Amino acid sequence: MPKDTELYDLLGVSPSASETEIKKGYRKAALKYHPDKPTGNTEKFKEISEAFDILSNADKRQIYDDYGLEAARGNAPAGNPFESAGGAGMGGMGGGHPFSSFGGGGRGGFSQADAFNIFSQMGGFGMGGDDGFASFGGGSGGFDGMPGGFGGGFGGGSRRAARPEPDTVTMTMPVSLEDLYNGATKKMKLSRKGMDGSKESKVLEINIKPGWKAGTKLNFANEGDYQPECHARQTIQFVLEEKPHPLLKRDNNDLIMTVPLSFKESLCGFTKEVNTIDGRKIPLSRSSPVQPGSTARYPGLGMPISKSPGTRGDLVISYKVDYPLSLTPEQKQAINQYF
């Protein structure tokens, strides 16, 4: 039985899980907690990726099972049986304990950039069945081009320094109110630097969900310029910006429409017809005077509420009375006579 089961629990698998089960567990958890998802959690995503990094490598997994998480990270546990008095080490192991070569140094040794790199190498959001996974962990390939993924093997090599996080480049994306109402798919063509410094093009597909608001941030990790010092690409972040609408103004989940009335209509009543954002026509009618600034609310005709599928805000009609700038003597006389 392993010393602890924290990493297995993160992937939702048992300590006896096969390689395929570990991959499936990572796929399910990573897609759920990826920061770009509504259910995303940056720290959880990082923990899941580190769990997969360890459990998908047979040697790291064995050390984790025998000695725990800190040992698998490269931090020798207290009472390390591989260290004898005087630091002679285990015979044939080059004088160092086997935990010195993982580049651990605590949780800081596994960065957010590492998490995104794993996610990208495993297929990103295109992860499908088992055949959709790239080869990772164990074997001779390893991570970052280091033999066996250890960064030095069992010979007591130097620890890998924590990498800097890649930059985040923020770009605004103007979208219409109709796109925020109906949802839309936008394509953005990027010009970015490749690993060799040359220019290359990349088309990003951005799926806008119905009900999203201005200010919503969409992150595309590892999609910008390649940064050699990070061994990763920049994160591209799009911030939604709502374009002005000629008739409607959004207020949270409600839509406000200003309907002008003549002075006569405000006093004697009116019958009008207006279009909702989804193209429907609704009749407006009054037979009594309308007070300046008065409103009428129509439930369920506003914006979709993204966190409550199937529900919508309200359409609020705000009446604006067009008062005359001047009155003729006859008009003044009529007002004095009847009011």
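Trainee: N222 sits in the loop between β4 and β5 (226–227). Why is N222 called buried?

Mentor: N222 has a relative accessible area of 18%, and buried means under 20%, exposed over 50% and partly exposed in between (1.4 Å probe, protein chains only). At 18%, N222 is therefore buried. Before we go on: this is a predicted model, in which local features need pLDDT of at least 70, side-chain atom pairs count only at pLDDT 80 or more, and totals for chains, interfaces and linings use all residues. Residues are numbered from 1 along each chain as its sequence is written, and side-chain values use heavy atoms, leaving out hydrogens and water.

Trainee: What makes the phi of N222 worth a look?

Mentor: Phi of N222 is near 60°, a positive value in a residue other than glycine. Most residues other than glycine have a negative phi. N252, in the loop between β8 and β9, also has a positive phi, of about 60°, and is not a glycine.

Trainee: Is N252 buried, partly exposed or exposed, and how do you know?

Mentor: N252 has 47% relative accessibility, so N252 counts as partly exposed.

Trainee: How do you know which strands are β8 and β9?

Mentor: Strands (E, at least two residues) and helices (H or I, at least four) are DSSP runs, numbered from the N terminus. β9 covers residues 254–262, and β8 covers 248–251.

Trainee: And what makes β8 and β9 a pair?

Mentor: Two strands pair if DSSP finds at least two bridges between them. Four bridges join β8 to β9, so they pair, and they run antiparallel. One of the contacts links D251 to its bridge partner in β9, D254.

Trainee: Why is β8 called an edge strand?

Mentor: β8 belongs to an open, mixed sheet of four strands in the order β8-β9-β13-β12. Both β8 and β12 (295–298) pair on one side only, which puts them at the edges.

Trainee: What makes the largest pocket a pocket, and how much space lies in it?

Mentor: On a 1 Å grid over the protein atoms alone, a pocket is an open set of points with protein on both sides within 12 Å along at least five of seven lines, and lining residues have an atom within 4 Å of a point. About 690 Å³ of space lies in the largest pocket. Its lining has 25 residues, with D36, F125, E205, N219 and F220 nearest the centre. The largest share of that lining, six residues, comes from β3.

How values were computed. On a 1 Å grid over the protein atoms alone, a cavity is a set of points where a 1.4 Å probe fits but cannot get out, and a pocket is an open set with protein on both sides within 12 Å along at least five of seven lines; lining residues have an atom within 4 Å of a point. Grid points are joined across faces, edges and corners, and a volume is the space filled by probe spheres set on the points.
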